[in-house]
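Subject: Structure handover

Hi,

Here is the structure I promised to pass on. Please open it first, then read my notes below.

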Amino acid sequence: MKKHQRLEYRNKLILAPMVRVGTLPMRLLALEMGADIVYTEELIDLKLIKSIRRPNPALGTIDFVDPSDGTIVFRTCALETSKVVLQLGTSDPARALAVGKLVQCDIAGLDVNMGCPKEFSIKGGMGAALLSDPTKATNILRTLCSQLDIPVTCKIRILPNTLDTVNLVQQLAATGISAVGIHARTRDERPQHRPHPDVLRTVASAVDIPIIANGGSRDIHTYEDMHKFQSLCGADSVMVARAAQLNVSIFRKEGVLPIDTVIEKYLRLCVDYDNAPHNTKYCVQSILKELQETPRGKRFLQCQTLQQICEIWNLGDYCRRRQQELKDQGNVGRADVMPSEQGMNKRQKLDIVDNLSTSNTLDKYVGVISRNMAFLRSTYANDNQLPKTFLYVHAGRMGKQPPGYETHQCDKLFRSICSYDGQRYSSSFWEKNKKQAEQGAALVALLQLGLLTEEALYENGSLIS
């Protein structure tokens with residue numbers, strides 16, 4: 001077992017767990033800007049348990065990969081190992097422990113989400129649902145504290161009654177956890193409601209473990225504001241969510257940076273660590289806010305690839321060069337994901353045939369014209385411009401039979417064959433749904449028929465080298 005230096009939770013500035021925001025590039029940028037500890041987005045226990053831990057030498061990362069579709073569930077690297085806390089969504093002690101044992105060599109701490117008020121979490125007995133079931137909550141924490149080698153924490157919201165909040169935190173503290181993060185609002189309150197720092201102050205005076213104050217972003221605009229909120233709450237540390245989402249340089253003692261500088265730094269990290277384009281786009285949107293309505297913002301909103309996003313901030317050459325370097329070093333990107341033999345042997349829901357093995361599936365593609373082509377929906381302004389529609393209309397004009405499609409599904413991945421005028425076409429890019437797979441196959445047909453050019457498809461990110 002790898003030994004960790006025990007993470008200390010007092011006097012820290014912390015990046016809060018945020019869904020779709022707290023991925024590796026944003027965590028690393030927060031640390032660069034001055035954060036002491038960074039939390040991942042909430043990761044669900046079942047998804048992590050099913051993942052495979054895979055070192056990625058090209059990126060210098062440890063990846064936890066969903067074997068059914070190649071999705072990165074959690075990616076981390078040595079730059080953050082001593083400062084990253086994985087936040088776990090769970091409602092079961094055994095599953096929580098299984099995750100803890102799986103990831104504890106690669107993280108500094110494990111946090112149990114007991115405060116998320118979203119319907120998904122509550123229906124699964126996770127998040128804020130645990131606030132009303134302290135027996136289950138303490139059982140989960142006690143199990144983790146007694147059997148893991150890393151510090152365990154939890155993050156909660158205050159209860160409507162201050163005394164009830166104090167009693168709950170005392171019960172949680174008795175399990176052996178190292179700290180409690182407290183959002184200074186109740187389960188039913190939202191960002192537009194004022195936080196309740198007085199409740200946190202009362203709780204902090206009633207327990208010995210560190211209290212991490214959260215929920216003050218509406219009044220946090222500078223580095224000094226974070227410490228003001230911490231002091232107002234009488235807390236040991238402060239955790240920032242929305243203020244950091246808007247501009248992660250809030251952690252800089254020297255003051256916040258211009259948003260273009262922040263975006264450029266963030267995009268370089270996204271390229272360096274092969275971050276998913278949709279996740280990158282979401283985070284940049286969070287920074288831009290109303291600037292999405294500017295001409296540049298509207299161009300950005302049309303982007304679907306990392307290359308396209310980087311072009312807008314004059315990082316296109318950097319992105320192109322680094323992606324090629326990483327590919328040469330053996331990085332397997334989304335374009336290279338294929339179903340595994342293990343996945344193929346499971347019962348499949350296929351449109352044409354069931355229970356295909358890898359070899360049988362590949363046999364289906366003998367004689368098929370294939371290119372590595374991704375379907376990017378935002379490339380097409382309306383449905384009339386979609387590849388399938390284009391090809392269908394072309395067939396009618398030429399007096400040909402309309403194209404047909406044969407789609408195969410393996411676990412969560414799809415690949416389609418387009419049959420048209422005696423020839424078959426397919427994209428070797430495995431898509432995440434049937435419709436996209438068919439559109440990709442139609443794109444290959446359009447390219448081979450000379451109705452689209454390689455230059456245009458490379459330019460919009462559809463054709464992958």
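Strands β13 (residues 369-371) and β16 (residues 423-427) pair in the parallel sense, over three bridges. Strands here are DSSP runs of E, at least two residues long, and helices are runs of H or I of at least four, numbered from the N terminus. Two strands count as paired if DSSP finds at least two bridges between them. R371 sits opposite S427 in β16.

β16 also joins β15 (residues 413-420), antiparallel, through four bridges. There, Y420 has Q423 as its bridge partner. Two residues lie between the strands of this hairpin, and D421 has a positive phi near 50°.

A word on the source: this is a predicted model, where local features need pLDDT of at least 70, side-chain atom pairs need 80 or more, and totals for chains, interfaces and linings use all residues. Residues are numbered from 1 along each chain as its sequence is written, and side-chain values use heavy atoms, without hydrogens or water.

Next, the open sheet. Its order is β4-β5-β6, with antiparallel pairing. β4 (52-56) and β6 (72-77) are the edges; each has a single partner strand, so one side of each lacks a neighbour in the sheet. β4 and β5 (residues 61-65) pair over five bridges. P55 has I62 in β5 as its bridge partner.

Last, I156. Leaving aside neighbours within four places in sequence, I156 is in contact (heavy atoms within 4.5 Å) with residues including M114, L131, L172 and H183.

Best wishes
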